[in-house]
Amino acid sequence: MSRKIEKNVEKYYADRAYEYNKTYLRPERQKDIKKLHKLLKRLLSDHRVLEIACGTGYWTRTIASVSKFITAVDINEEVLQIARNRGISSDHVFFIQDDVYSLKKIKNNFSAGFAGFWWSHILKSELKRFLALFHSKLQSDALLIFMDNRRVEGISTPISRIDIDGNTYQVRKLEDGREYEILKNFPTKKEILETLGNKIKNLKIKFLEYFWIISYNI
Ligand SMILES: C[S@@+](CC[C@H](N)C(=O)[O-])C[C@H]1O[C@@H](n2cnc3c(N)ncnc32)[C@H](O)[C@@H]1O
C-alpha cells in the first residue's frame, strides 16, 4: 500500500511538470518566497549541496548561485528536463535521475542536504527511515534544510482523507482535468521535533505565513 501511495506522488509530479512552476507565482505567497530565497542563500553559501526531489530546479538555481557545487536529484525525467533547460547546468551543478528512497547513484561527498516541499509527501511511518538514508549520504556534521507548506484554511487544497496513521491526502486536479489523490502532510512543530529526535544539533524552526523551514546539523 505504501509503495502505491509513493508511486501516486511520483506519477502526479511527472504529469504536472509543465504546470509546476506556476505555484511560485501565487501573489499572496511572494513575501514568504522572497524570505526563503534569502535564507537559503545565507545558509547554503559555500556548501557542497545534495538536493533531493529537486523538481524543475526552482530552488536549485538559487542555491547554485552561492554554493560550491550542487547535485540535484529527482525521479522524474519530465521535471529534470525543465531543470536542465534553466541554463544553470555547469561544472558545479549536476542533475541526476534517482529515487530518494534508495539514492543508489549518490556518493557521500556533501556538506549540506536540502529538500523543498518533499517532507509533506513522505508517509509518517517512512520519515525516520528516509532521514537516516538522506543523512548517510552527507558528511558527519552536515547541515540539513527542509522547507514545506503550512496548511492555510481557505487557501490550501482541502484535506480529502485521513488514514489510520494520521497521514492526510488531497485530491489535486491538473489543467487538463486529470485528478490525483496525493499524500500531503502538514506536520506541527511537535511532530517535526519528535521525528528528528535528540541526536541532531543547532535546530532552528521558522513558521512563516504559508511555509515552514527547518535547519539543523547532524
Ligand atoms: C513538491 S515537488 C518539489 C519540487 C522542488 N523541490 C520544489 O520545491 O520546487 C516534489 C518532487 O518530488 C519528486 N519525486 C516524487 N517521488 C520521488 C522519488 N521517489 N524520488 C525522487 N524524487 C521524487 C517529483 O518528481 C517532484 O519533482
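Residues are numbered from 1 along each chain as its sequence is written, and side-chain values use heavy atoms, with hydrogens and water left out. As the model is predicted, local features need pLDDT of at least 70 and side-chain atom pairs count only at pLDDT 80 or more, while totals for chains, interfaces and linings use all residues.

The ligand is surrounded by 20 residues, where a residue is near a molecule or strand if one of its heavy atoms lies within 4 Å of it. The closest are Tyr24, Ala53, Asp74, Asn76 and Gly116. Polar contacts (pairs of N or O atoms within 3.5 Å; within protein, one atom must be able to donate a hydrogen and the other to accept it, and residues adjacent in sequence count only if both atoms are side-chain atoms) involve several side chains. Asp74 places a polar side-chain atom 2.7 Å from an oxygen atom of the ligand, and for Asn76 the distance from a polar side-chain atom to a ligand oxygen atom is 2.8 Å. An N or O atom in the side chain of Asp99 lies 2.9 Å from a nitrogen atom of the ligand.

Gly116, one of the closest residues to the ligand, belongs to strand β4 (residues 110-116). Helices (H or I, at least four residues) and strands (E, at least two) are DSSP runs, numbered from the N terminus. Gly116 counts as buried because its relative accessibility is 10%; buried means under 20% relative accessible area, exposed over 50%, and partly exposed in between (1.4 Å probe, protein chains only). Not counting residues up to four places away in sequence, Gly116 touches Ala53 and Met147, contact meaning heavy atoms within 4.5 Å. The C-alpha atoms of Gly116 and Glu51 are 8.3 Å apart, although 65 residues separate the two along the chain.

The structure contains 17 aromatic pairs. Rings of Phe, Tyr and Trp (its six-membered ring) pair if their centres lie within 6.5 Å; planes under 30 degrees apart count as stacked, over 60 as edge-to-face and the rest as tilted. Tyr20 and Tyr24 form an edge-to-face pair, with 5.9 Å between centres and 75° between planes. Tyr20 is buried at 15% relative accessibility, and Tyr24 is buried at 7%. Phe117 and Phe211 are also paired edge-to-face, at 5.6 Å centre to centre and 85° between the planes. This pair links distant parts of the chain, 94 residues apart: Phe117 is in the loop between β4 and α5 (127-136), and Phe211 is in strand β10 (residues 211-217). Both Phe117 and Phe211 are buried. One aromatic cluster includes Tyr20, Tyr24, Trp59, Phe117 and Phe211.

Beyond its neighbours within four places in sequence, Phe146 is in contact with residues including Ala115, Trp119, Phe130 and Trp212.

Thr168 is located in strand β7 (residues 168-173) and counts as buried at 11% relative accessibility. A polar atom of the Thr168 side chain lies 2.5 Å from the backbone oxygen of Lys184. Leaving out residues up to four places away in sequence, Thr168 touches Lys184 and Arg161, among others.
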